[in-house]
Amino acid sequence: MRAMLIVMTPGATDEEIGRVERRIESLGFRAHRLAGSQRTAIGITGNERAVEAAEFEALPGVSHAVPVTRPFHLVSRETHPDDTIIEVAGRRLGGSHFTVIAGPCAVETLEQTLAVARRVQSAGAHVLRGGAWKPRTSPYSFQGLGRDGLKILDRARRETGLPIITEAMDTETVEMVAEYADIIQIGARNMQNYSLLKRVGRTKRPVMLKRGMSATLDELLMSAEYIAAEGNRQILLCERGVRTFSSHARNTLDLAAVPAVQALSHLPIFVDPSHGTGRRDKVLPLARAAAAVGAHGIMVEVHDQPERALSDGPQAIVPDQLESLMRDLRAIAALLDRTL
Ligand code: PEP
Ligand code: MN
């Protein structure tokens with residue numbers, strides 16, 4: 001495949017951009033609009049044969065066409081230098097904004113979810129998390145409440161005003177999850193479930209894609225590309241720890257992935273210090289480190305009674321700890337000129 005990028009002039013009109021897109025589509029290819037702060041470019045994919053640059057350079061509003069030798073990537077910084085900023089319920093995620101997502105691993109009951117949600121809100125965190133479908137190692141472990149869990153999250157959203165993120169585990173339930181969720185989470189185990197990625201790529205909701213537990217960054221970004229190629233560019237990435245020989249933590253939180261992803265991609269990158277460590281006593285230090293290394297936010301598990309949690313109790317912090325963490329994060333964010 002020979003990919004091509006059509007670069008428009010800074011003053012190109014919507015009509016001229018539209019004309020280029022229609023020409024690309026009339027040739028049987030796909031057009032991907034990349035709006036930059038200075039000018040718009042249009043990427044072409046799906047071309048088995050070479051595309052003639054001259055064919056496009058003759059169109060009004062076109063500055064030039066560049067053949068790209070490497071496969072063209074919607075998620076790469078090369079094709080889109082500006083940071084992607086995603087709006088969720090009036091809040092901006094990515095860029096210079098630092099966002100805290102907090103809540104229980106799983107939605108267990110209405111009481112538990114509301115109790116945690118209220119504390120998440122009063123602590124000043126921005127998004128409520130909670131799984132209604134849980135990917136568990138054992139089929140005998142709590143699997144989540146399914147649609148009832150989504151309804152509980154909806155209730156918590158109405159009570160607190162917090163937007164919600166929850167996991168879609170399979171293609172069959174994506175539509176239902178998209179109906180309730182402000183952000184759809186794709187879990188580490190599903191990072192390379194390509195039919196699921198394509199399916200969420202056809203929704204209109206922002207998607208948080210978690211890194212697989214033994215996935216390289218190229219693999220993570222190619223998975224994000226699956227979502228983007230279907231038309232959904234609202235993608236957040238999340239580092240959640242990888243498998244290593246370490247025995248002092250459940251996973252090894254790869255904080256170097258944060259600047260590495262930021263060099264390669266324009267997508268926001270979050271850090272999950274809960275799954276990244278698996279132990280409550282390590283969550284706060286690693287959350288602070290995530291902010292210091294320049295992540296766009298964290299996602300942290302909180303439970304009001306961790307010893308009774310139906311999943312991931314040992315890594316859940318309690319609401320008082322979330323409050324103290326928020327104070328630390330505010331100080332670190334200020335140091336890096338991030339708004340929290
Ligand atoms: C989760 O966030 O609840 C979860 C299951 O995380 P991961 O997919 O990273 O294991
Ligand atoms: Mn969990």
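Q: Is cysteine 105 buried or exposed?
A: Residues are numbered from 1 along each chain as its sequence is written, while chains are lettered from A and ligands numbered from 1 in the order in which they are written. This is a predicted model in which local features need pLDDT of at least 70, side-chain atom pairs count only at pLDDT 80 or more, and totals for chains, interfaces and linings use all residues; side-chain values use heavy atoms, with hydrogens and water left out. The classes rest on relative accessible area, with buried under 20%, exposed over 50% and partly exposed in between (1.4 Å probe, protein chains only). Cysteine 105 has a relative accessible area of 4%, so this residue is buried.

Q: Which protein residues are the donors of the manganese ion (ligand 2)?
A: Donors are N, O and S atoms within 2.8 Å of the metal (3.2 Å for Na, K and Ca), and sites may look incomplete because water is not among the atoms. Along the chain the donors follow the spacing C-x169-H-x25-E-x10-D. The protein donors lie 2.0 to 2.4 Å from the manganese ion and are Cys105 (SG), His275 (NE2), Glu301 (OE) and Asp312 (OD).

Q: How many residues apart in sequence are the parts tied together by cysteine 105 and glutamate 301?
A: Helices (H or I, at least four residues) and strands (E, at least two) are DSSP runs, numbered from the N terminus. Glutamate 301 belongs to strand 14 (residues 297-301), whereas cysteine 105 lies in the loop between strand 7 (99-103) and helix 3 (110-123). Glutamate 301 counts as buried at 1% relative accessibility. The pair therefore ties together parts whose separation in sequence is 196 residues.

Q: What is the phi of aspartate 312, and where does this residue lie?
A: Aspartate 312 is buried, at 17% relative accessibility. Its phi is positive although the residue is other than glycine, with a value near 55°. The residue is placed in the loop between strand 14 and helix 11 (319-335).

Q: Which residue has a side-chain polar atom 2.6 Å from an oxygen atom of ligand 1?
A: A residue is near a molecule if one of its heavy atoms lies within 4 Å of it, and the residues around ligand 1 include Arg129, Lys134, Glu167, Gln185, Arg240, His275 and Glu301. A polar contact is a pair of N or O atoms within 3.5 Å; within protein, one must be able to donate a hydrogen and the other to accept it, and residues adjacent in sequence count only if both atoms are side-chain atoms. Lysine 134 places a polar side-chain atom 2.8 Å from a ligand 1 oxygen, and for an N or O atom in the side chain of glutamine 185 the distance is 2.9 Å. The 2.6 Å distance belongs to arginine 240.

Q: Which residues form the aromatic pair?
A: Rings of Phe, Tyr and Trp (its six-membered ring) pair if their centres lie within 6.5 Å; planes under 30 degrees apart count as stacked, over 60 as edge-to-face and the rest as tilted. The structure holds one such pair, which is stacked at 4.4 Å centre to centre and 25° between the planes. It links helix 6 (residues 194-201) with helix 7 (residues 217-229), its members being 32 residues apart. They are tyrosine 194 and tyrosine 226.

Q: Which residues of helix 6 are buried?
A: The cover over these residues includes helix 5 (171-180), strand 10 (183-186), strand 11 (207-210) and helix 7. Tyrosine 194, at 33% relative accessibility, counts as partly exposed. The buried residues are Leu196, Leu197, Arg199, Val200 and Gly201.

Q: What distance does helix 1 reach from its first C-alpha to its last?
A: Helix 1 (residues 14-26) has 13 residues, and the expected span of a helix is 1.5 Å times one less than its number of residues. Its buried residues are Glu16, Ile17, Gly18, Val20, Glu21 and Ile24. Just after this helix, glycine 28 takes a positive phi of about 90°.

Q: With which residues is glycine 294 in contact, leaving aside its neighbours within four places in sequence?
A: Contact means heavy atoms within 4.5 Å. Glycine 294 is found in the loop between helix 10 (280-293) and strand 14, and is buried with a relative accessible area of 9%. Its contacts are Val258, Gln262, Leu336 and Arg338.
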